[in-house]
Amino acid sequence: MQRTIITLLAILFLAITGAANAQSLDKVFESAKKLPNHEIINLNASIMGMANLFGSANDQIDVNSDVKSICVLNLDECSESDRSKIVATLKKGGFKDYELMTDRTQSKELNQIWTKRKGNIITTMIIINIDEDEGEVGMVRLEGKFEDKKK
């Protein structure tokens, strides 16, 4: 009985410390935005609304989708040490606020898609692309309402 209690306490301790060490992908994204020499493109709700006014000549593109904003972040011109810190955090993963949807790692290249949900609706999607050989680190955050047809 005592052994069982000690085992349960150890499992509880590991669960609590593991949750405490879990990173927030939103915080990583925001800290990357503060790095010197980064490049950023923000398309907010008003710009996305203007895009809806012009329509689309391509039937494959739904300009009336519920995309609220797009933020593209490029860290290629940041210092090597700043990029290395962000890359190490992104590779560690385990983000408590997002679910890993796609993970493709090949040699020193990493491509991931992380999603945040409310029910069956994806509210935020962060796409990560890292190529360590080329020194390229990029992140794209899409916010809106995206329906996951697979679930």
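Okay, so let's start with a word: a residue is buried if its relative accessible area is under 20%, exposed if it's over 50%, and partly exposed in between, using a 1.4 Å probe and protein chains only. Cys78 has a relative accessible area of 4%, so Cys78 is buried. Cys71 is at 4% relative accessibility, so Cys71 counts as buried too.

Quick background: this is a predicted model, where local features need pLDDT of at least 70, side-chain atom pairs count only at pLDDT 80 or more, and totals for chains, interfaces and linings use all residues. Residues are numbered from 1 along each chain as its sequence is written, and side-chain values use heavy atoms, with hydrogens and water left out.

How many disulfides are there? Taking a disulfide as a pair of cysteine sulfur atoms within 2.5 Å, the count is 0.

Now the aromatic rings. Rings of Phe, Tyr and Trp (its six-membered ring) pair if their centres lie within 6.5 Å; planes under 30 degrees apart are stacked, over 60 edge-to-face, and the rest tilted. We get 1 aromatic pair. Phe95 and Trp114 have ring centres 4.9 Å apart and planes at 80°, so they're edge-to-face. Phe95 is in the loop between α4 (80–92) and β3 (99–106), and Trp114 is in strand β4 (residues 109–118), 19 residues apart. Both Phe95 and Trp114 are buried.

By the way, helices (H or I, at least four residues) and strands (E, at least two) are DSSP runs, numbered from the N terminus. Strands pair if DSSP finds at least two bridges between them. β3 and β4 run antiparallel, joined by 7 bridges. Gln106 has Glu109 in β4 as its bridge partner. Their hairpin has 2 residues between the strands, and Ser107 there takes a positive phi near 55°.
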